Amino acid sequence: MANEDLLQPGHVVKERWKILKKIGGGGFGEIYEGLDLVTQEQVALKLESSQQPKQVLKMEVAVLKKLQGKEHICRFIGCGRNDRFNYVVMQLQGKNLAELRRAQPRGAFSLSTTLRIGLQILKAIESIHEVGFLHRDIKPSNFAIGRNPHRMRKVYMLDFGLARQFTTGTGEVRPPRAAAGFRGTVRYASVNAHKNKEMGRHDDLWSLFYMLVEFVNGQLPWRKIKDKEQVGLMKEKYDHKSLLKQLPLDLQVFLEHIQSLEYADKPDYKMLANLFENCIRLRGIRYSDPYDWEKPIPANEGLPSTRSLPTVAIPSALTTAATLNQPSATPNVDTNNQENVEPDNKKELEAQLDYENLCRKARTQSIEGSTVPYTTAISNHGRDKNCNATVPITDNTRQPPGQVARKPAVQGT
Ligand SMILES: Nc1ncnc2c1ncn2[C@@H]1O[C@H](COP(=O)(O)OP(=O)(O)OP(=O)(O)O)[C@@H](O)[C@H]1O
Ligand SMILES: [Mg+2]
């Protein structure tokens, strides 16, 4: 119900960010479009309730800050907390890649669009690995295109709530845990992730591989299977080469490379980028060509239909009632693309990230040349380590109850 939302249109956070509308409610938070009353720019606010048992926004903020200045990353604008919620304010982007694909007449992207956004996503993944973190939830809805015309040709990486540091303080790869819980989203998870193995850099690339297949085909063979274990078994048995039918043969090298990697291995990002670049060049695709979402949709396009991929028998008990009722060609039957699970990194985060320090830096640093003052990040101070707001809050975003997200005085009509 709408009034269960943490904020309503018209609310103003920290006397600065006015809520315009809700644009998403993901597994862990609520996303709003807002207006920065100081700069007049449109912003995105991501909130999580302080009552929520799984607190992921601290990780989100920490990783977003580490990534500032990188090409495929939203600009960080501010963060804070009050007695009801934690929040981060960032640059507002446009539609996510899941929405854009589903809006296509066939529910699929052209090869030209797939290759060019694949290359951008690869670079975004490389940039998070460069700062020592795995994303662990690589999927189309965690990438969006830029908002305004001059940025809508660039893909931005979102959602660092499940990120995990894979390096030690000295830059070595951390020893893998014997067993790690499943993290990520079933549809795009690597076989390793299904087996609860410690994830490495290659697992993010496995998810990119599955995204590419879904982009060009409009579906993945396990899209209707709800059960995580069954999806894992199907992926294990599946002849992955057959997934590449609609993709250039060169991408077999991508598959072979990720198949050859183990936990601690560093992927050869340069070689992988070259594969995309070669495919793009050889097909005469220009980087300036319109992306599928920039092209007018032909009026005579019929209902979405997807390219079929070899299937394996799925026991009917494993498909949901909802999906059984769907025509098999419908591309957006989403049974396993939304399930992501809580982070397992609370403890490590506490140890690794001195939040107070982060906040102090944020106040003094100017990010991307902006001189706008930043709000304080969520304060830990060694007392409220779970960030669950059950202890008094000491940061400067706190406001007396009732004033936290108050309705503004009538702001014109
Ligand atoms: N900066 C942004 N600008 C525009 N839209 C955004 C922004 N951040 C998030 N969104 C939208 O909100 C959706 C959910 O955001 P996000 O993935 O960060 O939340 P989440 O709760 O972690 O989601 P999930 O658990 O479903 O992955 C995104 O798919 C995207 O469409
Ligand atoms: Mg998400």
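How many residues does helix H5 have, and how far does the helix reach from its first C-alpha to its last? The legends below begin with this helix.

**View 1. Helix H5 and the glycine that follows.** In this predicted model, helix H5 (residues 201-217) has 17 residues and reaches 25 Å from its first C-alpha to its last, close to the 24 Å expected at 1.5 Å a residue; the expected span is 1.5 Å times one less than the number of residues. Helices (H or I, at least four residues) and strands (E, at least two) are DSSP runs, numbered from the N terminus. H5 is mostly covered, with 17 of its 17 residues buried, where buried means under 20% relative accessible area, exposed over 50%, and partly exposed in between (1.4 Å probe, protein chains only). Just after H5, Gly218 takes a positive phi of about 85°.

View 2. Arg116 lies in helix H3 (residues 111-130) and, at 2% relative accessibility, counts as buried. Leaving aside neighbours within four places in sequence, Arg116 is in contact (heavy atoms within 4.5 Å) with Arg153, Ile280, Ile285, Arg286, Tyr287, Asp289, Pro290 and Tyr291. The side chain of Arg116 reaches two backbone oxygens, that of Asp289 at 2.7 Å and that of Pro290 at 3.2 Å. Such a polar contact is a pair of N or O atoms within 3.5 Å; within protein, one must be able to donate a hydrogen and the other to accept it, and residues adjacent in sequence count only if both atoms are side-chain atoms.

View 3. Asn96 is found in the loop between strand S6 (85-91) and helix H2 (97-102), and is buried, with a relative accessible area of 15%. The side chain of Asn96 reaches the backbone nitrogen of Ala98 at 2.9 Å and the backbone nitrogen of Glu99 at 2.8 Å. Not counting residues up to four places away in sequence, Asn96 touches Pro140, Ser141, Phe143 and Ala144.

**View 4. Two loop residues with positive phi.** Most residues other than glycine have a negative phi. Asp159, although not a glycine, has a positive phi of about 65°; Asp159 is placed in the loop between strand S9 (155-157) and strand S10 (164-165) and is buried, with a relative accessible area of 16%. Asn196, also not a glycine, has a positive phi of about 60° and is placed in the loop between helix H4 (191-194) and H5, where, at 30% relative accessibility, Asn196 counts as partly exposed.

**View 5. The lining of the largest cavity.** The lining is made up of Arg136, Asp137, Ile138, Arg183, Gly184, Thr185, Tyr188, Ala189, Met199 and Ser207. These residues divide into 4 nonpolar, 3 polar and 3 charged, with Ala, Val, Leu, Ile, Met, Phe, Trp, Tyr, Cys and Pro counted as nonpolar, Asp, Glu, Lys and Arg as charged, and the others, Gly among them, as polar.

**Notes.** Residues are numbered from 1 along each chain as its sequence is written, while chains are lettered from A and ligands numbered from 1 in the order in which they are written. In this predicted model, local features need pLDDT of at least 70 and side-chain atom pairs count only at pLDDT 80 or more, whereas totals for chains, interfaces and linings use all residues; side-chain values use heavy atoms, with hydrogens and water left out.

Conventions: On a 1 Å grid over the protein atoms alone, a cavity is a set of points where a 1.4 Å probe fits but cannot get out, and a pocket is an open set with protein on both sides within 12 Å along at least five of seven lines; lining residues have an atom within 4 Å of a point.
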